[in-house]
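Dear colleague,

I am passing on the structure we spoke about, and I would be glad if you kept it open while you read. My notes on what was found follow directly below.

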Amino acid sequence: MAHLVRDVMTKQALALSPDATLFEAARLMRDRDIGNVLVVAADRVLGILTDRDIAVRAVAMGRDPYRTPLRAVCTPDVRTVRPDQDTAEASRLMRSAMVRRLAVVEEDGRVRGVITLGDVARADEPRSALADISAAPPNNGA
């Protein structure tokens with residue numbers, strides 16, 4: 001049974017300005033135990049930055065994390081879903097776009113949160129391996 005995106009999404013998604021630095025984003029990701037931040041200006045999604053973006057597009061390329069703004073390395077092609085769509089639609093969009101997370105936005109473009117593949121699995125396939133892994137406590141050595 002599908003659920004609505006609004007019922008399973010992360011409502012308090014971390015959002016930073018395009019001028020915030022990679023260091024700021026990485027520290028917040030660590031502190032909140034998350035793997036992505038939305039890059040937002042005027043309540044509109046401009047991009048998404050993942051922990052993988054930091055590793056591959058920044059660190060591996062020798063970028064200075066204290067000086068590099070998020071706009072320089074974030075993924076600007078952010079797939080979105082509305083809060084009133086069902087999780088089956090979100091899952092289809094993730095599959096077709098080959099992404100693990102979607103920004104949740106209202107029809108007028110205002111940011112409301114993020115929904116991940118793990119969120120969908122926990123809601124729609126609670127006995128799946130992905131649901132179990134997504135529900136597990138962090139394994140960050142803390």
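Helices, of at least four residues, and strands, of at least two, are taken here as DSSP runs and are numbered from the N terminus. Please bear in mind throughout that this is a predicted model.

On that basis the chain holds six helices and six strands, and when it is read along the sequence these elements follow the pattern α-β-α-β-β-α-β-α-β-β-α-α.

One part that can be described in some detail is an open sheet of three strands, in the order β1-β2-β3, whose pairing is mixed. Its edge strands are β1, at residues 15-16, and β3, at residues 44-50, each of which pairs on one side only. In general, the strands of a sheet pair through backbone hydrogen bonds, in either a parallel or an antiparallel sense. Here β1 and β2, the latter spanning residues 36-41, pair in the parallel sense over two bridges, and leucine 16 stands opposite valine 39 in β2. Across β1, β2 and β3 lies helix α2, made up of residues 22-32, which runs at about 75° to β3.

As for the chain as a whole, 37% of its 142 residues count as buried, and its accessible surface comes to about 8,600 Å², with 49% of that belonging to carbon and sulfur atoms. Among the contacts in the chain with a separation of 6 or more, 56% are accounted for by residues 24 or more positions apart.

Note on methods: Residues numbered from 1 in each chain as written. Predicted model: local features only at pLDDT ≥ 70, side-chain atom pairs only at ≥ 80, totals over all residues. Heavy atoms only, no water. Pairing = 2+ DSSP bridges. Contact = heavy atoms within 4.5 Å. Axes fitted to C-alpha atoms, helices over the stretch in contact; angles between N-to-C directions. Buried < 20%, exposed > 50% of the residue type's maximum accessible area, 1.4 Å probe, protein only. Areas by Shrake-Rupley, 256 points an atom, 1.4 Å probe, with all protein chains shown as cover.
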